[in-house]
Amino acid sequence: MTKKSDLNEEELSLFRSEVQGVRRIKQDKIPPRPPASKHKTAELRQNRTNQHCVAQRQARQAAASFAFSDGFEAWFDPNQPIKYTKPGSDSYEVKRLRRGDYPPDLILDLHGLKRDDAKLEIAALLHTAVKQHCYCVCIVHGLGEHILKKSVPNWLVQHPDVLAFHQAPLEWGGNGALLVLLKAC
């Protein structure tokens with residue numbers, strides 16, 4: 001390193017001409033935040049996880065944007081378990097569903113969901129099941145005040161990929177669930 005006295009006038013003049021008009025840089029860095037408490041860190045992590053889950057759920061539901069009509073009501077015999085076979089499909093398949101011959105590949109539990117949220121979740125389930133080549137799914141709607149128990153079959157009848165459904169055997173939910181048979185892609 002050279003000292004100021006080692007530089008001649010010519011070098012100093014050259015240096016001054018090169019740095020002419022240059023200003024000192026202001027500090028623009030943001031200092032790091034002090035470490036948070038464990039409680040606050042866990043709370044922030046939980047908030048990020050919840051936001052990610054909500055965004056993921058909305059993306060899945062948008063991809064499965066099949067619209068069920070609430071105005072459509074199919075007729076089901078009140079003296080029999082809820083069952084349906086799409087016209088042109090083999091009615092023997094419903095019997096196999098009733099016996100539990102088809103274990104469900106996916107299970108959707110609708111407990112605690114409101115009617116509109118349940119509708120979106122069913123659309124997302126059916127979309128995912130078809131995409132993953134699932135043949136049978138189980139939708140657990142519960143009993144409660146029979147709101148979902150009445151709505152779910154009406155929605156399923158409208159979906160083009162649903163071949164049949166039947167009230168699930170006890171091992172898969174009994175009166176509070178439906179086994180749904182889907183088209184094989």
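## The cysteine pair

Let's start with Cys138: its sulfur lies 7.5 Å from the closest cysteine sulfur, which belongs to Cys136, and that is too far for a bond. This is a predicted model, so the distance is one taken from predicted coordinates. A disulfide is a covalent bond between the sulfur atoms of two cysteines. The cut-off used here asks for sulfur atoms within 2.5 Å, and the structure holds zero disulfides.

Are these two cysteines buried or exposed? Cys136 counts as buried because its relative accessibility is 2%, and Cys138 is buried with a relative accessible area of 0%.

## Helix 4

Helix 4 covers residues 115-131. Its 17 residues should span 24 Å at 1.5 Å a residue, and the end C-alpha atoms are 24 Å apart, so expectation and model agree.

Which residues of helix 4 are buried? They are Ala118, Lys119, Glu121, Ile122, Ala123, Ala124, Leu125, Leu126, Ala129 and Val130. Just after the helix comes His133, which takes a positive phi of about 60 degrees.

## A closer look at Lys119

Lys119 sits in helix 4 and counts as buried because its relative accessibility is 13%, where the cut-off for buried is under 20%. What is Lys119 in contact with, once its neighbours within four places in sequence are left aside? The partners are Phe68, Asp70 and Trp155.

Methods
Residues are numbered from 1 along each chain as its sequence is written. This is a predicted model: local features need pLDDT of at least 70, side-chain atom pairs count only at pLDDT 80 or more; totals for chains, interfaces and linings use all residues. Side-chain values use heavy atoms; hydrogens and water are left out. Helices (H or I, at least four residues) and strands (E, at least two) are DSSP runs, numbered from the N terminus. Buried means under 20% relative accessible area, exposed over 50%, partly exposed in between (1.4 Å probe, protein chains only). Contact means heavy atoms within 4.5 Å. The expected span of a helix is 1.5 Å times one less than its number of residues.
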